[in-house]
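This report examines selected features of the structure shown below.

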Amino acid sequence: MKILVGVKRVVDYAVKIRVKPDRSGVVTEGVQHSMNPFDEIALEEAVKLKEKKIATEVIAFSLGGPKSSEVLRTALAKGADKAIHVQVSDDEAAKLESFHVAKALQKIVEHEKFDAVFLGKQAIDDDSSQTAPMLAGLLDWPQALYASKVEDGGSGHMKVTREIDGGLDTIKVKVPFVLSADLRLNEPRYATLPNIMKAKKKPLKAIPIKDLGIDITPQTETIEVTEPPVRQAGGFVEDVSALVAKLKEKGFVKA
Amino acid sequence: MLLRNIVTRGLQLRNFSYCLNPAVGLDTDARDVLTAANEFAKKEMYPKMAEWDKKGELPMDVLKKAGDMGFGAMYCNGAFGGSDLTRLQASVIFEQLSMGCVSTAAYISIHNMCAWMVDTFGSEELKGTLIPEMAKFEKLGSYCLTEPDAGSDAASIRTTATKKGDYYVVNGSKAFISGAGTSDYYFVMMKLDGGEPGAKGIICLMIPKDTEGFSFGKKEDKLGWNSQPTRILTFEDVKVPVKNQIGKDGFGFKIAMEGLNGGRVNIASCSLGAAQRSLDLAIEHLKYRKQFGKTLSEFQYNQFKLAELATKLITSRLIVRAAAEQLENNDPEKVAMCAMAKLHATDNCFEVVNGALQMFGGYGFLKDYPIQQYLRDIRVHQILEGTNEMMRLLIGRDLLTKEIFWKS
């Protein structure tokens with residue numbers, strides 16, 4: 001099984017997000033970035049399947065600006081065999097939508113023949129959660145979304161467990177398929193020094209977006225990005241009856 | 001209104017491009033190892049540093065994990081299991097690890113210094129057996145030079161080896177040995193019986209832990225560096241095979257000193273990490289803590305003090321990294337440079353941590369907060385790997401014995 005893993009460069013989870021003064025988006029310049037944590041989990045699962053000899057090759061994919069090569073290098077250090085960087089400019093990257101990413105993944109899958117695509121269940125920057133289902137639709141492959149356990153299902157199938165409200169949902173999907181990784185699927189490994197060094201010798205292929213022939217014209221327009229409203233300070237009331245009167249006045253209890 | 005806008009904008013700008021970010025000025029490779037070490041320090045070390053301090057034992061499980069990361073023989077040859085890093089990259093790693101726990105990071109640095117001594121001066125046989133185990137932290141190393149009566153005057157050591165055929169008989173004792181009792185391999189400097197007097201008569205032997213006649217004193221009770229045991233070693237007619245000798249006869253002192261050049265850069269790097277983390281904590285605290293109706297960060301005294309401490313940290317980092325590069329390039333000035341880096345960084349970073357502690361007020365003195373541990377842990381960096389007084393002596397001697405730049 002040859003697995004393609006999507007990894008996105010996002011603002012690091014520990015960074016306090018700031019809105020740009022012109023409200024066109026959030027500040028990304030000079031801010032610590034890292035691989036989307038859910039993508040890291042997807043990658044770890046693919047690498048684990050390779051170690052179990054279920055997968056034969058793991059290839060990392062990223063669609064993004066020049067610095068996306070950083071997360072691809074991390075992916076190579078954490079066990080991917082090769083990496084593909086579909087290049088756009090930083091300005092274009094800021095306006096990319098899940099649909100564009102799904103389209104680019106589709107092109108790569110059709111071109112290089114993969115048996116599975118592993119993605120994070122969502123990216124922590126835009127929280128769209130759409131790339132995996134869109135890709136499954138475009139490829140007309142079965143999907144196993146929000147996976148919390150992945151096992152060999154026998155005879156060309158994979159058994160995937162998903163955490164749902166009522167308990168666990170176990171499904172069997174036919175290979176080839178699209179998978180999205182949930183938080184508790186695994187705990188990603190560290191990039192070790194020898195692997196960081198070895199990663200430098202692994203192939204990282206750069207493909208300009210125009211070579212894929214995809215239209216990345218935005219379909220949505222961001223009108224304004226604002227900080228969440230600051231919580232207002234409360235006030236004091238004299239006694240219980242004043243409190244009840246206030247609650248009635250505000251409509252929190254029936255008059 | 002305009003002024004207000006400028007001020008708000010200024011505050012926003014301050015949030016990115018943090019001048020104290022340890023990645024500033026590093027190339028991609030060094031940034032990659034920094035990220036890896038930072039992740040390790042954050043997840044595996046920092047949450048446990050107070051516990052290790054209390055317990056007073058080396059955290060073997062985390063050392064094993066550090067071995068898997070490739071932190072056991074960082075600047076040793078890849079052929080025997082080393083990680084093939086440069087001294088600068090290793091310094092960057094020690095700095096990160098020390099943010100997680102100074103004492104454990106410092107022990108890791110001593111272990112690395114021992115592995116490097118084998119890698120550089122050891123026989124092929126010793127390299128082949130010791131380095132793969134040390135790289136993985138399956139076996140730990142200790143550096144043994146100081147004796148109860150020989151500290152700064154290291155050439156006056158009295159532990160002696162007498163050659164008898166294919167083995168040496170060793171007698172004497174070593175003091176302040178980091179890792180003692182837990183370590184497996186002890187790299188011991190001693191006088192060769194019948195050899196030349198002074199520094200030229202010193203050899204280096206690797207003595208394994210369970211050798212007959214080799215015993216340990218009680219665990220020392222220390223101000224800091226508590227996650228690693230410190231003990232006195234005693235050798236009574238200890239038989240050590242000649243093949244355990246590192247380097248030739250008379251080279252022991254050279255090996256010990258060359259090891260220490262790197263050791264000084266490493267220990268100074270550990271001070272950097274403590275200073276960085278303390279300043280980061282202090283900045284968070286200053287912005288949060290309110291007195292007299294405003295945050296401590298609004299008091300100009302604190303702003304000025306913070307600026308002074310940050311400048312001390314940056315100058316320390318610059319000199320440490322410059323020394324690491326000179327060491328890597330084997331520049332002839334490296335001895336003085338490593339001494340200057342150790343003197344400057346360990347003195348200044350202690351002041352940085354002390355200043356950060358002061359900003360925390362009474363809270364800084366509580367063991368619930370990590371700053372007091374950073375302070376206790378880095379205090380000894382001004383004493384060991386050659387005291388800072390000996391660093392001054394080395395630098396002064398170097399200045400007065402070399403050709404000056406522009407002669408009159």
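## Helix packing in chain B

In this predicted model, α9(B) and α10(B) cross with left-handed geometry. Helix α9 of chain B covers residues 300-328 and helix α10 of chain B covers residues 334-359; the two pack at an angle of about 155°, and their axes are 8 Å apart. Because angles over 145 degrees count as roughly antiparallel, α9(B) is roughly antiparallel to α10(B).

The residues of the contact of α9(B) with α10(B) comprise 16 nonpolar, seven polar and four charged.

## Domain arrangement of chain B

Chain B is divided into domain 1 (22-140), domain 2 (142-250) and domain 3 (253-401). Taken over C-alpha atoms, the centres of domain 1 of chain B and domain 3 of chain B are separated by 20 Å. Their contact draws 24 residues from domain 1 of chain B and 25 residues from domain 3 of chain B.

On the side of domain 1 of chain B that touches domain 3 of chain B, the elements giving two or more residues are α3 (49-55), α5 (87-100) and α6 (102-121) of chain B. The largest share of this side, ten residues, is supplied by α6(B). Classified by residue type, the side of domain 1 of chain B that touches domain 3 of chain B holds 14 nonpolar, seven polar and three charged residues.

## Contact between chains A and B

How many residues does each chain give to the contact? Chain A contributes 14 residues and chain B contributes 16 residues. Helix α6 of chain A (residues 193-199) provides the largest share of the side of chain A that touches chain B, namely four residues. That side of chain A consists of nine nonpolar, two polar and three charged residues.

## Annotated regions

For chain B, an unreviewed UniProt entry places the feature "domain: Acyl-CoA dehydrogenase/oxidase C-terminal" at residues 252-399. In the model, the end C-alpha atoms of residues 252-399 of chain B lie 26 Å apart, and the span is 76% helix and 3% strand.

The end C-alpha atoms of residues 23-216 of chain A are 23 Å apart, with the span being 31% helix and 31% strand.

Note on methods. Residues are numbered from 1 along each chain as its sequence is written. Chains are lettered from A and ligands numbered from 1 in the order in which they are written. This is a predicted model: local features need pLDDT of at least 70, side-chain atom pairs count only at pLDDT 80 or more; totals for chains, interfaces and linings use all residues. Two residues are in contact if their C-beta atoms, placed from the backbone, lie within 7 Å. Ala, Val, Leu, Ile, Met, Phe, Trp, Tyr, Cys and Pro count as nonpolar, Asp, Glu, Lys and Arg as charged, and the others, Gly among them, as polar. Axes are lines fitted to C-alpha atoms, for helices over the stretch in contact, and angles run from 0 to 180 degrees between N-to-C directions. Angles under 35 degrees count as roughly parallel, over 145 as roughly antiparallel, 65 to 115 as roughly perpendicular and the rest as oblique. A crossing is left-handed if the near helix is turned anticlockwise from the far one by less than a right angle, and right-handed if clockwise. UniProt positions are given in the numbering used here, feature names are shortened, and annotations may be inferred rather than shown by experiment. Domain bounds come from an automatic or database domain assignment.
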